Amino acid sequence: MPAPRSDAVAAFVGWLRDAGFDAASIIPPKEQHRDGMVRVSRVGGSRKNIVMDEPRMLVEVWHHDSYEAARLAQRLAERVEVPDGTMLAPHVKVTSVNVSGPVELPDPLSALRRYQLTATCLVRHIP
């Protein structure tokens, strides 16, 4: 039986929440959108070997003010770009983090401004 995979989305959501970000893996319905909401999702990647996963993560942030959205996105990028060997959560160790962005990408489903960044990394489940 293969080794268990780490849940990279849950690990990054928890890591961002620990720093005070309003992070989740889903966003609320349109009528409940709020400044500072953050969504983390896995948008690709592959399993490198029996113990290493290489997810491609998308981190999005919304705010009514474009400047504040950009500032939040920069802070998110700094938080996500962790040093090698960082334990994001119990049993989840991350290395080789590479962040791209943030960039503004309008969201047609929200009146808020949206910025996003992507990150690739190696994630290892530590028993």
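A: Ser 96 is found in strand E5; helices (H or I, at least four residues) and strands (E, at least two) are DSSP runs, numbered from the N terminus. This is a predicted model, in which local features need pLDDT of at least 70, side-chain atom pairs count only at pLDDT 80 or more, and totals for chains, interfaces and linings use all residues. Residues are numbered from 1 along each chain as its sequence is written, and side-chain values use heavy atoms, with hydrogens and water left out.

Q: What is the phi of Ser 96?
A: Most residues other than glycine have a negative phi, and most peptide bonds are trans. Ser 96 is not a glycine, yet has a positive phi of about 50 degrees. With a relative accessibility of 42%, Ser 96 is partly exposed (buried means under 20% relative accessible area, exposed over 50%, partly exposed in between, with a 1.4 Å probe and protein chains only).

Q: Which peptide bond is cis?
A: The bond from Gly 101 to Pro 102 is cis, and its omega is near 15 degrees. Pro 102 belongs to strand E5.

Q: How many bridges join E5 to E6?
A: Two strands pair if DSSP finds at least two bridges between them. Strand E5 (residues 92-104) is joined to E6 by 9 bridges, and the two run antiparallel. Ser 100 stands opposite Thr 118 in E6. E6 (residues 113-125) also pairs with strand E3 (residues 52-63), in the antiparallel sense, over 10 bridges. There, Leu 117 of E6 is the bridge partner of Val 59.

Q: At what angle do helix H1 and helix H2 pack?
A: Two packed helices are described by the angle between their axes and the distance between the axes. Axes are lines fitted to C-alpha atoms, for helices over the stretch in contact, and angles run from 0 to 180 degrees between N-to-C directions. H1 (residues 8-18) and H2 (residues 66-80) pack at about 115 degrees, with axes 10 Å apart.

Q: Which residues make the contact?
A: From H1 come Phe 12, Trp 15, Leu 16 and Asp 18, and from H2 Leu 76, Arg 79 and Val 80, where contact means heavy atoms within 4.5 Å.
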